[in-house]
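My entries follow in the order in which I looked things up.

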Amino acid sequence: MSVKIGFKPMPLVIAIALSVTILLIPTPEGVTDQAWNLLALFVGVIAAIIGKAMPIGALSILAITLVAVTGITVADGGSANDAMKDALSSFANPLIWLIGVSIMISRGLLKTGLGARIGYVFIAIFGKKTLGIGYSLAFSELILAPVTPSNTARGGAIMHPIMRAIADSFDSSPSKNTQDTIGKYLALVNYHSNPISSAMFITATAPNPLVVNLIAETLGSEFRLSWSQWAWAMLIPGLVAFALMPLVLYLISPPKIKNTPNAVTFAKEKLSDMGAMSRDEIIMLAIFAVLLLCWAGVPNLLFNFPINATATAFIGLSLLLLTGVLTWEDVTAEKGAWDTIVWFAALIMMATFLNKLGLITWFSSSLETHIASLGLGGLSAGLLLLITYMYSHYMFASTTAHITAMFGAFLSAGVALGAPPMLFALLMAAASSIMMTLTHYATGTSPVIFGSGYTTLPEWWKAGFVMSVVNIIVFTLIGGLWWKVLGYW
């Protein structure tokens, strides 16, 4: 009789072994035993996440439990109550609730059908050519991004079914070995829209608030990016990247079908089937507009009435509940939101205490010393760190794990070596989404779209590498100039 367990033994054993190995290594000079012990726990948790030993939320509960029980964050003389408060401290972080509540709001796009309608409208207008369909998919994703913090839900649950329906209308299907006609190209555009849109708004992917938090902890509270500051910073390079992406993919993976008048007919038929906008769709669209205006700071500009970004998200969710567009059952059923709140709280808590205990400062100083030995200038050293950070994502299956493990130390090292602080911070923030392009396991969206079978593994990796190069060049050159204009550096 088999024994039921809630974890994968081998990944968990490896994670524990890594933690024990770190604990057995003598604490380096300049590091406290307390910080070193927390590092051992942190590395074990990250390794377990990478190895998918348990769902990330379950691992986070274990991490919170271990921090509370061991008192690993508490100085000598601290109590068990202090340890428990430390373990739960990040649940009060507004950015965590901003993402969690925004994911709940995004459920309305699926429930009302507004997300699909937006996609079909673009295709009905611009879908006469395959390239036009590509741009329609890309800009539909962009419009949905500000209120869809789950990039997997946006790219996989909303846009991917639309993309597949269009491909099927042209009889382009992996099951018929006809994916090269148009499906492969559309699948690649469907996917590569996701990393760019994720880079453009704090609320476009769940790890972005973690990036904001790490930037503020590393550079000082005066560098804490607001929703509107992030959106303005990423606007121009993001739009340029969106404009180039469908064209680049068209060149490296050209579809056999170039003209697609049937797509316009197909989209119009879908819109006809959907009928006029329902009451719930209209309300969802209006609340969508309210959220964007508040996040952009319009009430403060017009009425001197600032509204916190997280409070704005709660306003949106409250309105959806009051109007009945969403029910409380919808909210409680949105497991992704509650899961995100739990694992974000655990990871931010550990990352925060690693910083408070001086471990990040020590590691970044060590990194700085090694890079400095190469004799590079500040900007060159920063670019080397940026490229190393981004392409190390080949080793990660979680953007959150990657960001938590490396972002703070690499940012600190780059700034210490002379890279302009805000320029480097924004490039690192952009790279944290751009790195999603690389592999078929890079983020939650990638296995959904890759698993549909429209591309082979070599084709996926080739497109991913090419787009990563194009995107990082755009954000470095166009973004750097734009951020100079904005006075960010």
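**Entry 1. Second largest pocket.** I listed the elements that each supply at least two residues to the lining of the second largest pocket: helix H2 (33-50), helix H10 (208-219), H17, helix H18 (359-372) and H20. I am working on a predicted model here, not an experimental one. H20 gives the most to this lining, with 7 residues. In total I found 27 lining residues, and Leu39, Phe42, Val43, Phe363 and Ala405 lie nearest the centre of the pocket. I noted a volume of about 510 Å³ for the second largest pocket.

I then sorted this lining by class and got 22 nonpolar, 4 polar and 1 charged residues.

**Entry 2. Domains.** I looked up the domain division and found that the protein chain is split into domain 1 (1-91) and domain 2 (94-335). I took the centres over C-alpha atoms, and 35 Å separate domain 1 from domain 2.

**Entry 3. Largest pocket.** I recorded about 840 Å³ of space in the largest pocket. Its lining has 34 residues, and those nearest the centre are Ile56, Thr152, Asp339, Trp343 and Gly444. For elements giving two or more residues to this lining, I wrote down helix H3 (56-70), helix H5 (94-112), helix H8 (151-169), helix H17 (335-356) and helix H20 (399-416).

**Entry 4. Helix packing.** The axes of H3 and H17 are 8 Å apart, and the packing angle is about 40°. That angle makes H3 oblique to H17. I noted the crossing of H3 and H17 as left-handed.

Next I took H5. The axes of H5 and H17 come within 8 Å, and they cross at roughly 165°. Are H5 and H17 roughly parallel or roughly antiparallel? With that angle, H5 and H17 are roughly antiparallel to each other. I have this crossing down as right-handed.

Entry 5. Last, I looked for cavities. How many cavities of 30 Å³ or more are there? I found 1. About 50 Å³ of space lies in the largest cavity. I listed its lining as Leu379, Gly382, Leu383, Leu386, Ala419, Pro420, Leu423, Phe424 and Leu427. Helix H19 (378-391) and helix H21 (421-434) are the elements that give two or more residues to it. H19 has the largest share of this lining, with 4 residues.

Key. Residues numbered from 1 in each chain as written. Predicted model: local features only at pLDDT ≥ 70, side-chain atom pairs only at ≥ 80, totals over all residues. Heavy atoms only, no water. 1 Å grid on protein atoms, 1.4 Å probe; cavity = no way out; pocket = protein on both sides within 12 Å on 5 of 7 lines; lining within 4 Å. Points joined across faces, edges and corners; volume = space filled by probe spheres on them. Nonpolar A, V, L, I, M, F, W, Y, C, P; charged D, E, K, R; others polar. Domains from an automatic or database assignment. Axes fitted to C-alpha atoms, helices over the stretch in contact; angles between N-to-C directions. Parallel < 35°, antiparallel > 145°, perpendicular 65-115°, else oblique. Left-handed = near helix turned anticlockwise from the far one by under 90°.
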